[in-house]
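Okay, everyone, I'd like to walk you through one model today. Have a look at the sequence and the structure first, and then I'll talk through some side-chain contacts and a sheet.

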Amino acid sequence: MKKILGGAFAVLFAGYMLYEGRGLILPPPLAVWSPSENLVTEDRYIVLEGKTAPGAQVQVNGGQILPNAEGYFEERVALQDGLNTLQVKAIRRYSRPRIVERTILVSRSGAAFSKKNIKTGGLGI
């Protein structure tokens, strides 16, 4: 009887450790609310807003930004004329990263976002 209880405890303990350990290796959640995908704007700056898991690190195009204790982040990002790609990455110490990309076209002429703009670098040629 002791062997059965000991074996059951060992299986339950191993299952619990695997369940808790998956949080260490799975990528953290990442939601980017602003800017929207395929944004066309005349502005030279946008505000990047989103949320990740508390304790996760956030990078935008390789630069570090600091989320608050709840995982919310907000950062003003400078844009160049033409096509801009923002790569937002959430990372935990031992996990794979979660990556969200946003494409933004800065157009002084109000040109529409299209595959043609993507192929020509936003020049609309």
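**Rings, strands and charges**

Let's start with Arg 76, which lies over the face of Tyr 45, at 3.9 Å from the ring centre. By "over a ring" I mean that NZ of Lys or CZ of Arg is within 6 Å of the ring centre and within 35 degrees of the ring normal. Lys 51 does this too, sitting over the face of Tyr 72 at 5.1 Å from the ring centre.

Quick housekeeping. This is a predicted model, where local features need pLDDT of at least 70 and side-chain atom pairs count only at pLDDT 80 or more, while totals for chains, interfaces and linings use all residues. Residues are numbered from 1 along each chain as its sequence is written, and side-chain values use heavy atoms, with hydrogens and water left out.

Back to Tyr 72. Which ring does Tyr 72 pair with? The rule is that rings of Phe, Tyr and Trp (its six-membered ring) pair if their centres lie within 6.5 Å, with planes under 30 degrees apart called stacked, over 60 edge-to-face, and the rest tilted. That gives a count of one aromatic pair. It's Trp 33 with Tyr 72, tilted, at 5.8 Å centre to centre and 40° between the planes. Trp 33 is in strand β1 (residues 30–34) and Tyr 72 in strand β6, so to speak a link between distant parts of the chain, 39 residues apart. Strands here are DSSP runs of E, at least two residues, numbered from the N terminus.

Are these two buried or exposed? Trp 33 is exposed, at 52% relative accessible area, and Tyr 72 is partly exposed at 38%. The cut-offs are under 20% for buried, over 50% for exposed, and partly exposed in between, with a 1.4 Å probe and protein chains only.

Gly 71 is buried, with a relative accessible area of 0%. Leaving out residues up to four places away in sequence, Gly 71 touches Gly 50, Lys 51, Thr 52, Ala 53 and Pro 54; touching means heavy atoms within 4.5 Å.

Three strands make an open sheet, ordered β1-β3-β6, with antiparallel pairing. Two strands pair if DSSP finds at least two bridges between them. β1 and β6 are the edge strands, each pairing on one side only. β1 and β3 (residues 45–52) pair over four bridges, and Ala 31 has Lys 51 as its bridge partner in β3.

Last topic: how many salt bridges does the whole structure have? Two, taking a side-chain nitrogen of Lys or Arg within 4 Å of a carboxyl oxygen of Asp or Glu. Arg 102 meets Glu 37 at 3.7 Å, N to O. Arg 102 is in strand β8 (residues 98–106) and Glu 37 in the loop between β1 and β2 (39–41), so the pair ties together parts 65 residues apart in sequence. Arg 102 counts as buried at 15%, while Glu 37 is partly exposed at 39%.

Then there's Arg 44 with Asp 81, at 3.5 Å, N to O. Arg 44 lies in the loop between β2 and β3, and Asp 81 in the loop between β6 and β7 (82–91), so this pair ties together parts 37 residues apart.
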